[in-house]
Amino acid sequence: MSGLAGRIRGADPHRRFGTLRKARDALLEVDGLGGAATLGSRLRIEGRDGPVEAEVAAIDGQTVSAMAFDATDALVSGVRVELLPGISALRPCDAWLGRVVDGLGRPLDAGGPLPFGLVPAPFRSTPPPAAARGRVGPLLATGVRALDCFAPLCEGQRLGLFAGSGVGKSVLLSMLARWSDCDVAVIGLVGERGREVQEFIEDDLGPEGLARSIVVVATSDSPAVLRRQAAFTTLALAEHFRDRGLRVLCLMDSVTRFAMAQREIGLACGEPPATRGFTPSVFAELPRLLERAGPGLAGQGSITGLFTVLVDGDDHDEPIADAVRGILDGHVVLSRRIAERGRYPAMDLLRSVSRTLPHCLDPQADRTRLRAREVLATWADMEELVRLGAYAPGASAEVDRAIDLAPRIEAMVAQGKDDRGDPAQAFADLADILGETG
């Protein structure tokens, strides 16, 4: 009660209003709030069909530019605009598990209104201080054999999933959400195709995965600011459960669509395009978002983050992929070539890297992993010659061994979406293929 009384005493008793001067699609210009509104402040505009919420994106003297979260068709110039007090935050609780919400935390499913928790979770927050936050924790079993053996994930690690469209990202995310050894999963679908949302929730995630998850959705037809907000909401929910000491798995699909939404906002506010049309604010926002995942302070839990990146035309060196790769603690490459062969997950075992290696594996498992990579690398070098018939069997014992073992390794890491793997068994099978048992 004393904390509540303190907040009431510290509340600003004044309400501040401005006037809507111009509306251009989702971009709004409001007079009269200069000196009161700050970047990120929330506004409520009176519309014919009800209030419309917006977020301040730029300030110019007494005029502020804001981006609307909802449709602006019912707005007319001259209407009153209220500056909402306080910080922008959610108030989640355990009852949110199993629910589907939008970028503002409003329910999208048929589960009724969401109850409010006692502790606010700010949409925008700073990560724990670098010198005070914990280190990456122990190995996290994902149930995906290719990941567990060749790009193992630790609690509090941040991994990128780099792929073009249609190579199995959504199915891989659902496998991780269902099988990973965590307490809570927060899944952000940013800019997702509307028809695929229910398919992902019902077919891929399933009741078991949904029961311990919160799904945040902003479809591709949502305003840019709501798509961007969905990413902030995903991290805010993950931070809420991390602060309670839980091990949180944060899955976001995709960081690229978050960057595209930020680019739309920046261009609408007059920001100049820079690298391949992306505005400078995109590259400023990416680390602010991604650094929020990771270990918490002493006594807190951790956020293990997996963020998908849509590579434009399978170009893994395009600006967003390059920027994200430099921020995260490893990357997994999903290959269209492998997907076309029918091996799923279509993970390129040689191009995928976990920056927690080799310390996250015991010495024996790491030796097995390295020997398997040697076999696969030899096969990758000689594959074309072998298929063309230009290699004579017996010319090299190393190549002959790779020709024999590489297909067996590929078969071992292949999985269906209901085929849950075990890391210990996966390494035992890999050692058996390499002839290291006993």
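**Aromatic rings in a predicted model**

Guide: Phe258 is buried, with a relative accessible area of 0%, where buried means under 20%, exposed over 50% and partly exposed in between (1.4 Å probe, protein chains only). The model is predicted, so local features need pLDDT of at least 70 and side-chain atom pairs count only at pLDDT 80 or more, while totals for chains, interfaces and linings use all residues. Residues are numbered from 1 along each chain as its sequence is written, and side-chain values use heavy atoms, leaving out hydrogens and water.

Visitor: How many aromatic pairs are there?

Guide: A pair of aromatic rings is described by the distance of the centres and the angle of the planes. Rings of Phe, Tyr and Trp (its six-membered ring) pair if their centres lie within 6.5 Å, and planes under 30 degrees apart count as stacked, over 60 as edge-to-face and the rest as tilted. By this rule there are 2 aromatic pairs. Phe232 and Phe258 form an edge-to-face pair, at 5.8 Å centre to centre with 75° between the planes. This pair links distant parts of the chain, 26 residues apart, with Phe232 in helix α5 (residues 224-243) and Phe258 in helix α6 (residues 255-268); helices are DSSP runs (H or I, at least four residues), numbered from the N terminus. Phe232 counts as buried, at 3% relative accessibility.

Visitor: Why is the pair of Phe278 and Phe283 edge-to-face?

Guide: Their ring centres are 6.4 Å apart and their planes lie at 75°, so the pair is edge-to-face. Phe278 is buried at 6% relative accessibility, whereas Phe283 is partly exposed at 27%.

Methods: Helix = DSSP H or I, 4+ residues; strand = E, 2+ residues; numbered from the N terminus.
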